[in-house]
Amino acid sequence: NAGVMQNPRHLVRRRGQEARLRCSPMKGHSHVYWYRQLPEEGLKFMVYLQKENIIDESGMPKERFSAEFPKEGPSILRIQQVVRGDSAAYFCASSPVLSGSNEQFFGPGTRLTVL
Amino acid sequence: EDKVVQSPLSLVVHEGDTVTLNCSYEVTNFRSLLWYKQEKKAPTFLFMLTSSGIEKKSGRLSSILDKKELFSILNITATQTGDSAIYLCAVDLIQGAQKLVFGQGTRLTINP
């Protein structure tokens, strides 16, 4: 059973370009979470999705950021018109159908660098 | 605002030493507390704690939760250089949506 897959692992963008980060959850997992980690900081929650639904996006910046988890295919975190402050590691995690606990399994992350 | 605070932020010890990492929290609707180890990439799961006073052990690592005083500790005995990593504490909240609130992490360095 492959773990959580993220791609690309490294992404370099110039200011004003768009960044698309992909996450494939573990097999059998229907819940996806995106976190952002700035240098020397802990992970900060961004958004929680189930298939075709955004459940909680309270950690997402109001502008330029969006996320989706379509019926088929990976979850996508999209950042439009990137700025230098968007440079960070973006981690995706997945968990199975809720069972009273919430052990989340993390992917290897995408390191976004904005020039 | 829900908050998780870890201490120390950074710790350097010699191989063979025992270390204790601390995690305190102020959250509403606590469900469980989780510890992760982060090396160069994905945080890997260590422990999930839901009840006070019950120690969880895995090899040289152990952890315990105190829900009255709102903290947890992670102990590592007979440390090895491979234990060098950032250790993250996170709290899982009971609310409509599931999300983890993370502390800032403790960077542990084990010198040979």
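Select A:Cys23 and A:Cys92 to begin: both are buried (under 20% relative accessible area with a 1.4 Å probe, protein chains only; exposed is over 50%, and partly exposed is in between). The model is predicted, so local features need pLDDT of at least 70 and side-chain atom pairs need pLDDT 80 or more, while totals for chains, interfaces and linings use all residues. Residues are numbered from 1 along each chain as its sequence is written, chains are lettered from A in the order in which they are written, and side-chain values use heavy atoms, without hydrogens and water.

**The disulfides**

Show the sulfur atoms of this first pair. A disulfide (two cysteine sulfur atoms within 2.5 Å) joins A:Cys23 to A:Cys92, with 1.7 Å from S to S. The torsion about the S-S bond of A:Cys23 and A:Cys92 is about -50°, so this disulfide is left-handed. A:Cys23 lies in strand β3 and A:Cys92 in strand β9 of chain A, so the pair ties together parts 69 residues apart in sequence. Strands are DSSP runs of E, at least two residues, numbered from the N terminus.

Now select B:Cys23 and B:Cys89, which are joined by a disulfide with an S to S distance of 1.9 Å. The link of B:Cys23 and B:Cys89 is left-handed, with -65° about the S-S bond. B:Cys23 is in strand β3 and B:Cys89 in strand β9 of chain B, 66 residues apart.

**Two buried residues of chain B**

Select B:Gln6, in strand β1 (residues 3-7) of chain B. B:Gln6 has a relative accessible area of 2%, so this residue is buried. A polar atom of the B:Gln6 side chain lies 2.8 Å from the backbone oxygen of B:Tyr87. Beyond its neighbours within four places in sequence, B:Gln6 is in contact (heavy atoms within 4.5 Å) with residues including B:Cys23, B:Cys89 and B:Thr106.

Move on to B:Thr106, in strand β11 (residues 106-111) of chain B. B:Thr106 is buried, with a relative accessible area of 0%. The backbone oxygen of B:Pro8 lies 2.5 Å from a polar atom of the B:Thr106 side chain.

**Where the chains meet**

Colour the two chains separately. The contact takes 24 residues from chain A and 21 from chain B. Between them the chains bury about 1,700 Å², 57% of it on carbon and sulfur atoms; buried area is the accessible area (1.4 Å probe) that two parts lose on being put together, summed over both. On chain B, the elements giving two or more residues to the side that touches chain A are β4 (30-38), β5 (43-49), β9 (85-93) and β10 (100-102). Finish on β4(B), which gives the largest share of that side, four residues.

Technical notes: Polar contact = N/O pair within 3.5 Å; in protein donor to acceptor, adjacent residues only side chain to side chain.
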